[in-house]
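I opened a new notebook page for this structure. I wanted to look at the core and then at the aromatic rings.

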Amino acid sequence: MIARAETALTLGPNGLRDALGIATDAAREGAQLLGQTSPGWEISEAVRRTLLMGTPKDIQPMLATLRSIARMARNELARIDALDRACTTADDQERFVLAFAGSGLRLRSAQEVCEPSGRAFANFLTFS
């Protein structure tokens with residue numbers, strides 16, 4: 001989306017309008033699919049606001065800002081990917097228990113940790 005907006009910005013007198021349309025559509029879709037607290041919305045909304053505040057004579061500063069947003073978005077995606085890998089590793093309870101067993105610790109109990117709604121989101125494991 002950011003690359004499409006950047007390209008649109010450089011395509012003449014309607015470029016800013018077209019880029020803003022791209023960003024507005026992406027922000028709307030991100031909000032509908034993921035909510036207004038998700039990176040999917042926040043990133044596209046940052047692009048939309050950047051373009052909304054710009055004028056046709058501000059193309060170069062807007063491009064620089066979009067490139068900065070793109071860098072931050074890549075970093076955010078890398079953090080999310082790392083968190084996903086960490087959760088996958090932690091969710092492998094058998095491997096986790098075996099790792100503790102290798103140090104002489106045995107799983108004594110496992111209790112669900114729940115949100116106030118009652119939805120379980122983790123297990124509290126006790127080793128000794």
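My entries on the core and the rings follow.

**Entry 1: the model.** I noted before anything else that this is a predicted model.

**Entry 2: the core.** I looked up the largest nonpolar core and found 16 residues in it. Which of them touch the most other members? They are Leu9, Val47, Leu51 and Leu66. The most comes from α4, which gives six residues.

**Entry 3: Val47.** I picked Val47, one of the residues that touch the most other core members. I set aside its neighbours within four places in sequence. What is Val47 then in contact with? I wrote down Met1, Ile2, Ala5, Ala23, Leu66 and Ile69.

**Entry 4: the rings.** I searched for aromatic pairs, and the structure holds three. I looked up Phe96 and Phe100, which form a tilted pair. Their centres are 5.2 Å apart, with 55 degrees between the planes. Where do these two residues lie? Both are in helix α5 (residues 93-101). They sit four residues apart, about one turn of the helix.

Entry 5: I checked the relative accessible area of Phe96 and found 34%, so Phe96 is partly exposed. Phe100 has 29%, so Phe100 is partly exposed too.

Conventions
Residues are numbered from 1 along each chain as its sequence is written. This is a predicted model: local features need pLDDT of at least 70, side-chain atom pairs count only at pLDDT 80 or more; totals for chains, interfaces and linings use all residues. Side-chain values use heavy atoms; hydrogens and water are left out. A nonpolar core is a set of buried Ala, Val, Leu, Ile, Met, Phe, Trp, Tyr and Cys residues joined through side-chain atoms within 4.5 Å. Buried means under 20% relative accessible area, exposed over 50%, partly exposed in between (1.4 Å probe, protein chains only). Contact means heavy atoms within 4.5 Å. Rings of Phe, Tyr and Trp (its six-membered ring) pair if their centres lie within 6.5 Å; planes under 30 degrees apart count as stacked, over 60 as edge-to-face and the rest as tilted.
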